[in-house]
There are 2 protein chains.
Amino acid sequence: MSKGKYAADISSIQEAYTRIKSYVIKTPIISSTSLDDISRRQLYFKCENFQKSGAFKFRGACNAVFSLPDEAISKGVITHSSGNHAAALSLAAKLRGVPAYIVVPNNAPTCKVENIKRYDGRVNFSETNMRSRIEVANKLRQEIGAILIPSSNDGRIMSGQGTISLEILEQAPKIDTIVVPISGGGMLAGVALAAKAINPAIRILGAEPKGADDAARSKAAGRIITLRETDTIADGLRAFLGDVTWPVVRDLVDDIIVVEDTEIIKAMKLCFNILKIVVEPSAAIGLAAVLSNTFQKNPAWKDSKHVGIVVSGGNVDMNLF
Amino acid sequence: MSKGKYAADISSIQEAYTRIKSYVIKTPIISSTSLDDISRRQLYFKCENFQKSGAFKFRGACNAVFSLPDEAISKGVITHSSGNHAAALSLAAKLRGVPAYIVVPNNAPTCKVENIKRYDGRVNFSETNMRSRIEVANKLRQEIGAILIPSSNDGRIMSGQGTISLEILEQAPKIDTIVVPISGGGMLAGVALAAKAINPAIRILGAEPKGADDAARSKAAGRIITLRETDTIADGLRAFLGDVTWPVVRDLVDDIIVVEDTEIIKAMKLCFNILKIVVEPSAAIGLAAVLSNTFQKNPAWKDSKHVGIVVSGGNVDMNLF
C-alpha cells in the first residue's frame with residue numbers, strides 16, 4: 001500500500017476510522033459565546049478530553065493495535081511512555097485481548113502509573129534517562145516478543161490521530177482553521193493530512209509551549225531541531241518531532257504558534273470556569289494560542305473566522321487546581 | 001390555553017422549545033464505560049453544565065422572558081435568587097433587550113454576584129432573611145414596574161426546563177430512566193411531564209440531599225412539607241417544592257433518592273477524574289443517586305438499564321476543588 005510522500009494519507013486515515021470507529025468515542029464539539037467574544041472568532045472545541053482513556057492518544061493506539069495481524073500481536077505490545085499514550089495503548093491492547101508492557105521512569109507521578117494500571121497495563125520501571133527507558137524496552141521485546149508501538153513517530157499512529165479531522169469537518173463544516181497542540185507531531189501531522197485532503201484551503205496551526213519549542217525552531221530552520229532540555233507545565237508536549245512526522249509538519253502545517261506557560265494556565269482556568277471542562281495543560285494550549293497576541297495580531301490570519309481547537313486530553317491531577 | 005391538571009404539559013413544553021431553540025445550547029450527552037461498569041448500567045450524562053449561563057436554568061428563564069408580550073416586559077424582569085436562576089434570567093433579559101433586577105442577600109459569595117454582573121444583571125442587596133429579600137423585590141416591582149419571574153414554581157419555568165426531556169429522548173432513545181436533581185421542583189416536574197407524555201413507561205427519579213429532603217418527605221406524607229433549616233453542600237438544592245411544582249412531583253415522579261453529602265462529593269470527584277467535566281455539587285447528585293445503595297439495591301429498579309442523568313450546572317468556585 002503506497003502512501004505517496006508521507007507515512008499516512010487520507011486513505012490510511014479513512015481506513016483507520018473504519019477500523020477504530022466502534023471503539024472510539026465520537027467526541028462532541030462544544031462552544032461558548034463568551035470565548036467567541038474574547039477571541040473575536042467562532043471557536044469549536046473538539047473535546048478529546050472525553051475520549052476513552054482521557055485523551056486523543058487512544059485513536060492512534062487503537063489503530064496500531066487493531067491493524068496488526070493476530071500472530072504478530074499475540075505476545076502483546078510495548079512502549080516507553082508514562083503519559084497518555086501508555087494508558088491509551090494499555091486500553092487498546094486490553095480490548096484486543098493482548099498484554100501491554102509499559103516502561104515507566106521510576107520518578108513518574110503516581111496518578112500516571114495508576115492510569116496505566118487501570119487498563120491492565122503491565123508497568124516496568126526504568127531509570128529516568130531515555131537510554132535506560134530504551135534499554136528496558138528492548139530487553140522486554142527480546143524476552144517476550146512484544147511489538148513496540150511508538151507514541152507518535154509512526155504512520156499508523158498518525159493515521160489514527162488524523163481521524164479527528166474527519167469528525168471535526170463533519171461536525172462543524174464551517175471550520176476554516178484548526179489549531180492542534182504539537183509534541184511529537186503525530187496528531188498535528190494526521191490532522192493536517194486529513195484536513196488538507198478534504199479542503200486544501202484550510203489553515204492548520206500547531207500550538208507549542210515556549211519551553212519546548214522544537215517544532216517552531218524546526219519549521220524556521222527547515223530541518224529537525226531538538227532541544228537539550230525542555231521546561232514547561234505542559235508535560236504532554238515535551239517530545240520532539242521525528243523523521244516520520246517532520247515531513248508532514250514541514251509541508252502541510254501553516255505555522256506554529258508559541259505560547260508562554262502563563263498563557264496556558266490562563267487558558268486552563270477559562271476551560272474550567274467558562275467551558276466547564278477538565279483539561280490538562282497540554283490541552284489548554286490551543287485556546288492559549290488563539291488568545292495570544294501572535295495569533296490575534298497577525299493580519300494574515302484575520303480570515304480565520306471559524307476556528308477548531310483540539311482539546312487533546314483531560315488527565316490532570318485534581319490537586320493541580 | 002388550558003394545561004389540564006398541571007401548569008405545564010407536553011404542548012406548552014413543545015411551544016417553549018420552539019421559542020427558546022435558537023437561544024439555548026443543545027447540550028451533548030456524554031458517557032463513560034468506567035462509570036457504566038461501576039454503576040452496572042448504561043449511563044447518559046446530559047451536560048447542562050455546558051448550557052448558556054452555566055446551568056439548565058437558562059431554559060426556563062428564556063421561556064418566561066420570551067413568552068411575555070413586549071409591553072408587559074418593557075420595564076424589565078426581577079427575581080430574588082442569588083444562584084443560577086439569577087444569572088440565567090440576567091442573560092435572557094439581556095438577549096430580550098430589557099433590564100433584569102436581581103435581589104441578592106448581602107452575604108452572597110462574590111463569584112455568584114460576578115456571575116450576575118457578567119450578564120448585565122442589576123444587583124440589589126437585601127438582608128439575608130427571606131422576608132427582606134421579598135420586601136426589596138416588592139419595592140423594586142412597585143417602583144420600576146418590572147415583572148417577577150420565579151425561579152421554579154411557575155408554569156413557564158417548568159415548560160422551559162421540560163425541553164431537556166425532548167432533547168434527551170431524541171439523543172438517546174434507549175433511555176428508560178431519568179434521574180434529576182430536585183430543589184424547587186421546576187426541572188423535575190418539567191422533565192417528568194415531557195418524558196411521560198412521550199413514553200409513559202419511563203421511570204423518573206428525583207435526587208435530593210439528606211440535608212434538604214423536603215421532596216422525599218413530601219412524597220411520603222402526600223402533602224408539601226417544608227423544613228425549618230437545610231444543611232447541604234449542594235447550595236442549589238435548598239429550595240422547597242411549591243404549589244405549582246408539587247402536584248406534578250406527587251403524581252408523575254416515581255420516587256426520590258436521598259443521598260448524603262459525602263456521596264455527592266465522591267460523585268463530583270468522579271465527574272472531574274473520569275468524565276472530565278466541571279460540575280457544581282447540585283449537579284453531581286444524579287450520579288451520586290445512581291451509585292447509592294438505595295438505587296443499586298432496589299430490586300424494583302433492576303430494569304433501569306439505560307439511565308439518563310441530568311448534570312444540572314457547572315457554576316462552582318475553582319477553590320472548592
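## A pair of helices in chain B

At what angle do helix α8 and helix α9 of chain B pack, and how far apart are their axes? Keep in mind that this is a predicted model. Helix α8 (residues 155–171) of chain B meets helix α9 (residues 186–198) of chain B at an angle of about 45°, and their axes are 7 Å apart. That's why α8(B) counts as oblique to α9(B). Their crossing is right-handed.

Who does the touching? On the α8(B) side the residues include B:Met158, B:Ile164 and B:Leu169, while α9(B) brings in B:Met187, B:Val191 and B:Ile198, among others. Sort the residues of this contact by type and you get 11 nonpolar, 5 polar and no charged.

## The sheet in chain A

Now over to chain A, where 6 strands make an open, mixed sheet in the order β1-β2-β10-β7-β8-β9. Its edge strands are β1 (29–30) and β9 (255–259), each pairing on one side only.

Strand β8 (residues 203–209) of chain A runs parallel to β9(A), with 5 bridges in that pairing. Look for A:Ala207, which sits opposite A:Ile257 of β9(A).

## Helices on the sheet

Helix α12 (residues 261–275) of chain A lies across β1, β2, β8 and β9 of chain A, at about 90° to β9(A). Helix α13 (residues 281–291) of chain A packs on the sheet too, touching β2, β7, β8, β9 and β10 of chain A. The direction of α13 makes about 160° with that of β10(A).

## What the record says

An unreviewed UniProt entry places "domain: Tryptophan synthase beta chain-like PALP" at residues 23–313 of chain A. That span is 46% helix and 16% strand, and its end C-alpha atoms lie 17 Å apart.

Terms used
Residues numbered from 1 in each chain as written. Chains lettered and ligands numbered in written order. Predicted model: local features only at pLDDT ≥ 70, side-chain atom pairs only at ≥ 80, totals over all residues. Heavy atoms only, no water. UniProt positions renumbered as here; feature names shortened; annotations may be inferred. Helix = DSSP H or I, 4+ residues; strand = E, 2+ residues; numbered from the N terminus. Axes fitted to C-alpha atoms, helices over the stretch in contact; angles between N-to-C directions. Parallel < 35°, antiparallel > 145°, perpendicular 65-115°, else oblique. Left-handed = near helix turned anticlockwise from the far one by under 90°. Contact = heavy atoms within 4.5 Å. Nonpolar A, V, L, I, M, F, W, Y, C, P; charged D, E, K, R; others polar. Pairing = 2+ DSSP bridges.
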